[in-house]
Amino acid sequence: MSILISKLNWRYATKRMTGEKVPDQKIESILEAIRLSASSAGLQPYTIYVISNAALKKEIYEKACHQLQVIESSHLLVFASKTNITDQYIREIVANTAGIRNIPVETLDGYFNMVKGYNDTLTHEQRANGAARQTYIALGTALIASAFEEVDASPMEGFNPLMVDEILGLKEKELQSVVLLALGYRNKEADLLTNAKKARKTRDQLYVEIK
């Protein structure tokens with residue numbers, strides 16, 4: 001069994017955490033993995049809020065998400081996607097790419113026109129939905145990276161996104177909260193799932209191979 005598969009067998013969506021602080025080095029490794037995550041056209045149409053402030057976590061818990069992982073976590077990540085991908089945003093991504101690769105921005109005109117051309121065919125709602133779907137790719141990377149670091153990670157959709165948006169002032173930034181991710185360490189005494197066997201479909205149930 002590979003190290004990665006072993007780590008993925010170890011992980012589960014932890015329901016209770018100890019409150020112990022995750023070392024900064026592990027948090028930075030997880031955040032760097034998210035930064036390097038796959039993203040359509042390299043747009044990364046999201047911002048991740050990394051919250052360790054206890055008072056803010058408590059406010060989110062009380063007003064938007066009554067799940068104990070929020071306040072028992074070391075860090076709470078709020079994945080917020082863009083509500084609109086504009087021409088200006090695409091230009092900024094293209095300019096950033098040109099700067100990193102040390103090439104004239106004009107050499108990426110084809111890239112800009114391709115992305116802009118597709119974006120122009122989408123409605124405002126389609127752009128927002130597409131950005132939210134891209135955010136889930138970043139979440140998947142975060143879950144794998146957390147498992148690799150042996151940091152427990154609990155993704156949460158059961159929250160009030162409008163309230164989280166209000167607490168963090170996301171609307172004025174053209175962002176919307178999509179999913180939360182609590183990072184911390186499992187409380188083996190309080191979490192009933194700590195020793196539960198991982199339940200997944202078998203290989204034959206999950207895959208259809210076409211050769």
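At roughly what angle do the axes of helix 2 and helix 7 cross? The axes of helix 2 (residues 24-35) and helix 7 (residues 124-148) cross at roughly 145° and come within 8 Å. This is a predicted model, in which local features need pLDDT of at least 70 and side-chain atom pairs count only at pLDDT 80 or more, while totals for chains, interfaces and linings use all residues. Residues are numbered from 1 along each chain as its sequence is written, and side-chain values use heavy atoms, with hydrogens and water left out.

- Helices (H or I, at least four residues) and strands (E, at least two) are DSSP runs numbered from the N terminus.
- Axes are lines fitted to C-alpha atoms, for helices over the stretch in contact, and angles run from 0 to 180 degrees between N-to-C directions.
- From helix 2, Ile 30, Ala 33 and Ile 34 meet Ala 138, Thr 141, Ala 142, Ala 145 and Ser 146 of helix 7; contact means heavy atoms within 4.5 Å.
- By class, this contact of helix 2 with helix 7 has 6 nonpolar, 2 polar and no charged residues (Ala, Val, Leu, Ile, Met, Phe, Trp, Tyr, Cys and Pro count as nonpolar, Asp, Glu, Lys and Arg as charged, and the others, Gly among them, as polar).

**Leu 170**

- Leu 170 sits in the loop between helix 8 (161-168) and strand 4 (175-184).
- With a relative accessible area of 0%, Leu 170 is buried (buried means under 20%, exposed over 50%, partly exposed in between, with a 1.4 Å probe and protein chains only).
- Leaving aside neighbours within four places in sequence, Leu 170 is in contact with Tyr 49, Ala 80, Asp 165, Leu 175, Gln 176 and Ser 177.
- Ala 80 is 90 residues from Leu 170 in sequence, and their C-alpha atoms are 8.0 Å apart in space.

**Lys 116**

- Lys 116 belongs to helix 6 (residues 109-120).
- Its relative accessible area is 22%, so Lys 116 is partly exposed.
- Not counting residues up to four places away in sequence, Lys 116 touches Asp 87 and Ile 90.
- Between the C-alpha atoms of Lys 116 and Asp 87 the separation is 6.5 Å, and the two residues are 29 apart along the chain.
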